[in-house]
Amino acid sequence: MATSHFLSANCVRRFACLAALWFCAAASAAGADSVRILTEEYPPYNYTDQGKITGLAYEVVEAVLKELKLHGDFQSLPWARAYETARSTPDVLIYSIGRTPERDKSFKWVGVIAPTNYYLFGRPDKAYDVDSLDAAKQYRIATVNEDVGEQFLVARGFVKGQNLQPSVRYEINYEKLRMERVDLWIMNELTASYLARQAGDDPAKTMVRVYRIPELSGEGYYMAFGKQTSDATVDKFRRALESLKESGRYEQLQRKWK
């Protein structure tokens with residue numbers, strides 16, 4: 001009887017070990033078909049609507065994943081956290097991210113996923129004397145922590161806490177401008193107009209383009225991996241994005257959100 005009990009217990013342990021090994025193998029296989037993807041609340045490019053991430057850039061990234069037959073583990077975080085995580089962690093994709101010389105040392109770029117056009121926006125009832133970027137240093141400018149606009153200005157001599165007034169969310173900066181708590185707001189035109197309309201305003205009546213920033217305009221927002229990600233992974237995503245553009249699907253998505 002004791003021997004029978006020992007054999008039975010031994011079989012149970014062996015079965016449990018085999019089950020654990022199978023579970024680990026299945027989890028590993030599932031992980032191989034998924035990729036961690038970080039973004040932020042930045043409408044209409046990427047934002048959460050009724051608990052689900054959506055937006056122009058999101059739909060492009062999703063289409064790339066379908067091309068690769070991969071599942072995306074999407075997460076929306078404050079930009080500074082998403083940026084640092086993607087910069088320092090292998091195989092983490094980030095979007096929508098602006099490309100600058102300062103960021104080239106930290107990221108490998110998959111490709112452009114959405115257009116962009118950056119301005120310093122001001123109030124229509126206020127006079128501004130800004131004929132160059134340096135001239136804007138006399139004004140208080142709303143930024144978001146570690147976003148491309150803030151990094152661009154800091155690299156050119158602007159100072160956080162002085163002529164730069166950071167926030168953690170873009171809609172806060174629109175309210176700052178509207179309530180005259182700042183003088184200017186550095187922002188992509190499509191997002192600025194979207195946030196004004198979301199607040200119930202006509203952007204043509206509440207904002208004016210004070211100064212265009214050509215260095216941040218034109219090419220567009222990217223999807224990217226940190227430098228620790230292998231070139232093979234980046235190339236795989238790059239080819240999928242190029243295929244999406246060649247098929248015409250990319251242009252269809254751009255027209256949908258204009």
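1. In strand β12, the side chains of Y221, M223 and F225 point one way and Y222, A224 and G226 point the other way, and all of these residues are buried (buried means under 20% relative accessible area, exposed over 50%, and partly exposed in between, with a 1.4 Å probe and protein chains only). In a regular strand the side chains alternate between the two faces of the sheet. Because six of the six residues of β12 (residues 221–226) are buried, this strand is largely enclosed by the rest of the structure. Helices (H or I, at least four residues) and strands (E, at least two) are DSSP runs, numbered from the N terminus.

2. This is a predicted model, in which local features need pLDDT of at least 70 and side-chain atom pairs count only at pLDDT 80 or more, while totals for chains, interfaces and linings use all residues. Residues are numbered from 1 along each chain as its sequence is written, and side-chain values use heavy atoms, with hydrogens and water left out.

3. Which strands pair with β12 in the antiparallel sense? Strand β5 (residues 92–98) does so over four bridges, and strand β6 (residues 107–114) is joined to β12 by six bridges, also running antiparallel; two strands pair if DSSP finds at least two bridges between them. Within β12, F225 is the bridge partner of L93, whereas Y221 is the bridge partner of A114.

4. The count of cavities of 30 Å³ or more comes to one, and the largest cavity has a volume of about 60 Å³. On a 1 Å grid over the protein atoms alone, a cavity is a set of points where a 1.4 Å probe fits but cannot get out, and lining residues have an atom within 4 Å of a point; grid points are joined across faces, edges and corners, and a volume is the space filled by probe spheres set on the points.

5. Which element gives the most to the lining of the largest cavity? Strand β5 does, with three residues, and the lining also includes Y221, a buried residue of β12. Among the other lining residues are E40, Y42, W79, R103 and D147. By class, the lining has seven nonpolar, two polar and three charged residues, where Ala, Val, Leu, Ile, Met, Phe, Trp, Tyr, Cys and Pro count as nonpolar, Asp, Glu, Lys and Arg as charged, and the others, Gly among them, as polar.

6. Some backbone values deserve a look. Most residues other than glycine have a negative phi, and most peptide bonds are trans. The peptide bond from Y95 to S96 is cis, with omega near -20°, and S96 lies in strand β5; the bond from P43 to P44 is also cis, with omega near 0°, and P44 is found in the loop between β1 (34–39) and β2 (47–49).

7. D91, in the loop between α3 (79–88) and β5, has a positive phi near 65° and is partly exposed, with a relative accessible area of 41%. E180, which is not a glycine either, has a positive phi of about 60° and sits in the loop between α6 (170–178) and β10 (184–188).

8. For the protein chain as a whole, there are 10 helices and 12 strands, and buried residues make up 48% of the 258 residues.

Conventions. 1 Å grid on protein atoms, 1.4 Å probe; cavity = no way out; pocket = protein on both sides within 12 Å on 5 of 7 lines; lining within 4 Å.
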